[in-house]
Amino acid sequence: MINRIIFGTLPTIALVTLSAVPLLAADHEINQQDRHFSQTEITIKVGDTISFKNDDEVTHNVFSTTPGMEFDLHRQAPGASSTIPFNKVGDVEVDCSIHPRMKLLVHVR
Ligand SMILES: [Cu+2]
């Protein structure tokens, strides 16, 4: 009887724990303004997303070549927004191929 209660409860706890991860994920907004990112560094939790919004009057091309976290938003017209998930712990360098001075460092913890 006790065994049945314990083993019947464990899978439920595991399911609740697993499904809680996406529910806790947060979205962070980083804007592109005056040919800069709105922040130069940000610390987020693994599973969080960042929405990159072009609040500038020029086109940007945000990308990362950090191993395991590569992405390319391609050309983003003014007003466009794209959301990227960060599912791996580490430091991710984000750049703009059009404006080499644009740098963002994402710390995923
Ligand atoms: Cu740019």
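Tutor: The mean pLDDT (the predictor's confidence in each residue, from 0 to 100) of the protein is 87, with 79% of its residues at 70 or more. Over residues 10-16 the pLDDT is below 50, and this stretch has zero contacts in the model beyond near neighbours in sequence. Two residues are in contact if their C-beta atoms, placed from the backbone, lie within 7 Å. This is a predicted model, in which local features need pLDDT of at least 70 and side-chain atom pairs count only at pLDDT 80 or more, while totals for chains, interfaces and linings use all residues. Residues are numbered from 1 along each chain as its sequence is written.

The protein has one helix and nine strands, in the sequence pattern α-β-β-β-β-β-β-β-β-β. Helices (H or I, at least four residues) and strands (E, at least two) are DSSP runs, numbered from the N terminus.

The part to look at is strand E4 (49-54). E4 belongs to an open sheet of four strands with mixed pairing, in the order E2-E1-E4-E7. Strands pair if DSSP finds at least two bridges between them. The edge strands, E2 (36-37) and E7, each pair on one side only. On one side of E4, six bridges join it to strand E1 (residues 27-33), and the two run parallel. Here asparagine 54 in E4 stands opposite glutamine 32. Strand E7 (residues 81-85) is joined to E4 by five bridges and runs antiparallel to it. Isoleucine 50 has isoleucine 84 in E7 as its bridge partner, and phenylalanine 52 faces serine 82 in E7.

Ile50 and Phe52 are also members of the largest nonpolar core, which has twelve residues, including Phe37, Val62, Leu73 and Val94. A nonpolar core is a set of buried Ala, Val, Leu, Ile, Met, Phe, Trp, Tyr and Cys residues joined through C-beta atoms within 7 Å. A residue is buried if 20 or more other C-beta atoms lie within 10 Å of its own, exposed if 12 or fewer, and partly exposed in between. Strands E4, E8 (90-96) and E9 (103-108) each give two or more residues to this core. Leaving aside neighbours within four places in sequence, valine 62 is in contact with Phe52, Leu73, Gln76, Val94 and Cys96. In soluble globular proteins, nonpolar side chains tend to be buried together.

For the protein as a whole, buried residues make up 17% of the 109 residues. Of the contacts with a separation of 6 or more, 47% are between residues 24 or more positions apart.
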